[in-house]
Amino acid sequence: MHESAHAVAAYLFGVRLGELSVVEDQDSHGKSRAFWPPLDRQISEAHQESRFSGFVSEPTRRRVEQWIMWCVVGDLVAIQVLGVEDYEPVSDQLKLSISKWTYDKVQAAASEFSKGSWKERGVRYSGDDNLGALNIAVAVSGSPDEGTAYFWWLRQRALNLVQEPVVWSAIEALARELLVRSSLPGEAAEQVLDERHRLRKRT
């Protein structure tokens with residue numbers, strides 16, 4: 001359900017879906033592609049504003065928050081289904097399962113992230129959903145403490161989103177399709193969601 005959760009979140013945020021797959025390869029246990037518009041320029045502007053306690057523009061803030069929530073929903077859903085003891089992806093930064101992240105642990109990572117370039121970290125952690133999300137949360141915040149609070153708040157918002165009955169039902173439906181077919185083109189995944197569920201877009 002990890003990949004279907006990413007797909008449903010992207011769909012809710014008005015982002016066109018790419019291929020979904022639960023076929024394992026050397027890099028991952030599956031994939032969920034979505035055609036997000038480039039964010040580098042907006043993140044750079046937000047990073048500059050946040051350094052001087054400025055306010056990030058509303059369109060940029062909204063898109064950044066949607067992207068962070070999209071990143072974290074996969075593991076949150078897997079934890080809900082499998083239980084925290086059964087789901088143990090390991091981060092090379094935190095050396096523990098995302099299910100065991102605590103506010104203090106995230107704060108420690110945020111402090112480390114604040115010392116370098118968010119673009120360099122973006123390349124390094126491109127395969128880690130949660131550290132990628134934390135990296136951007138820190139980049140658009142004025143301090144590691146602010147970035148930690150921002151990330152933690154958006155993680156809770158993502159959890160609230162997937163726990164909505166209609167959203168959870170959509171995630172399950174897409175997961176069932178993936179179990180049967182192993183992979184789905186984006187158009188087919190969108191058709192499943194269009195036809196079977198009344199999902200309110202959160203654009």
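Predicted model: local features only at pLDDT ≥ 70, side-chain atom pairs only at ≥ 80, totals over all residues.
Residues are numbered from 1 along each chain as its sequence is written, and side-chain values use heavy atoms, with hydrogens and water left out. Local features need pLDDT of at least 70 and side-chain atom pairs count only at pLDDT 80 or more, whereas totals for chains, interfaces and linings use all residues.

The secondary structure of the protein chain comprises nine helices and three strands, taken as DSSP runs numbered from the N terminus (helices, H or I, at least four residues; strands, E, at least two). In sequence order these elements give the pattern α-β-β-α-α-α-α-α-α-α-β-α. Of the 203 residues of the chain, 49% count as buried, where buried means under 20% relative accessible area, exposed over 50%, and partly exposed in between (1.4 Å probe, protein chains only). Among the contacts in the chain with a separation of 6 or more, 67% come from residues 24 or more positions apart, contact being defined as heavy atoms within 4.5 Å.

Helix H4 (residues 103-113) packs with helix H7 (residues 144-162) at an angle of about 130 degrees, and their axes lie 9 Å apart; axes are lines fitted to C-alpha atoms, for helices over the stretch in contact, and angles run from 0 to 180 degrees between N-to-C directions. H4 is therefore oblique to H7, given that angles under 35 degrees count as roughly parallel, over 145 as roughly antiparallel, 65 to 115 as roughly perpendicular and the rest as oblique. The contact is formed by Tyr103, Val106, Gln107, Ala110 and Ser111 of H4 together with Pro144, Asp145, Thr148, Ala149, Phe151 and Trp152 of H7. By class, this contact of H4 with H7 has seven nonpolar, three polar and one charged residues, with Ala, Val, Leu, Ile, Met, Phe, Trp, Tyr, Cys and Pro counted as nonpolar, Asp, Glu, Lys and Arg as charged, and the others, Gly among them, as polar.

H4 also packs with H6, here at an angle of about 60 degrees and with the axes 10 Å apart, which makes H4 oblique to H6. Val106, Ala109, Ala110 and Phe113 in H4 meet Leu131, Leu134, Asn135 and Val138 in H6, and by class the contact of H4 with H6 has seven nonpolar, one polar and no charged residues. Because 10 of the 11 residues of H6 are buried, this helix is largely enclosed by the rest of the structure; the buried residues of H6 include Asn130, Leu131 and Gly132.

Asparagine 130 lies in helix H6 (residues 129-139) and has a relative accessible area of 5%. The side chains of asparagine 130 and aspartate 75 are joined by a polar contact of 2.5 Å, a term for a pair of N or O atoms within 3.5 Å of which, within protein, one must be able to donate a hydrogen and the other to accept it, residues adjacent in sequence counting only if both atoms are side-chain atoms. Leucine 159, located in helix H7, is likewise buried, with a relative accessible area of 18%. Apart from its neighbours within four places in sequence, leucine 159 is in contact with Leu76 and Gln80, and the C-alpha atoms of leucine 159 and leucine 76, which are 83 residues apart along the chain, are separated by 6.5 Å.

Serine 182, in the loop between helix H8 (165-181) and strand E3 (183-184), is partly exposed, with a relative accessible area of 33%. Although serine 182 is not a glycine, its phi is positive, at about 70 degrees.
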